[in-house]
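User: Hi! Could you walk me through this one?
Analyst: Happy to, here it is.

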Amino acid sequence: MAPVDYRCPCGATLRFKQDLTKEGAIRPTWKCKDCGTPVPGQTAEQIRHQHPS
Ligand SMILES: [Zn+2]
């Protein structure tokens, strides 16, 4: 599967797990670590499995 990246409205490119912050425990939502904008669930799910190699 091709790597996913997400261009946040703040200009950050979210590509790896560490680019996201998690909020909530039971049904977590994932947000841009720079600005806190929520990342769409499906996209966040893929990004959070990506690690810099
Ligand atoms: Zn952002």
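User: Which residues does Asp 5 contact, leaving aside its neighbours within four places in sequence?
Analyst: Asp 5 is in contact with Thr 13, Leu 14 and Arg 15; contact means that C-beta atoms, placed from the backbone, lie within 7 Å. This is a predicted model, where local features need pLDDT of at least 70, side-chain atom pairs count only at pLDDT 80 or more, and totals for chains, interfaces and linings use all residues. Residues are numbered from 1 along each chain as its sequence is written.

User: Where does Asp 5 lie?
Analyst: Asp 5 is in the segment before β1 (6-7). Strands (E, at least two residues) and helices (H or I, at least four) are DSSP runs, numbered from the N terminus.

User: Why does Asp 5 count as partly exposed?
Analyst: Because Asp 5 has 15 C-beta neighbours inside 10 Å. Buried takes 20 or more other C-beta atoms within 10 Å, exposed 12 or fewer, and partly exposed is in between, with C-beta atoms placed from the backbone.

User: And Arg 15, what does that one touch beyond four places in sequence?
Analyst: Arg 15 contacts Pro 3, Asp 5, Ile 47 and Gln 50. Arg 15 sits in the loop between β2 (13-14) and β3, and counts as partly exposed because it has 16 C-beta neighbours inside 10 Å.

User: Switching topic: which residues form the largest nonpolar core?
Analyst: Seven residues: Leu 14, Leu 20, Trp 30, Cys 32, Val 39, Ala 44 and Ile 47. A nonpolar core is a set of buried Ala, Val, Leu, Ile, Met, Phe, Trp, Tyr and Cys residues joined through C-beta atoms within 7 Å.

User: In which sense do β3 and β4 pair?
Analyst: Antiparallel, with four bridges between β3 (residues 20-23) and β4 (residues 29-32); pairing takes at least two DSSP bridges. Thr 21 stands opposite Lys 31 in β4.

User: What about the hairpin there?
Analyst: The hairpin of β3 and β4 has five residues between the strands, and Gly 24 takes a positive phi near 90 degrees.

Note on methods
Contact = placed C-beta atoms within 7 Å.
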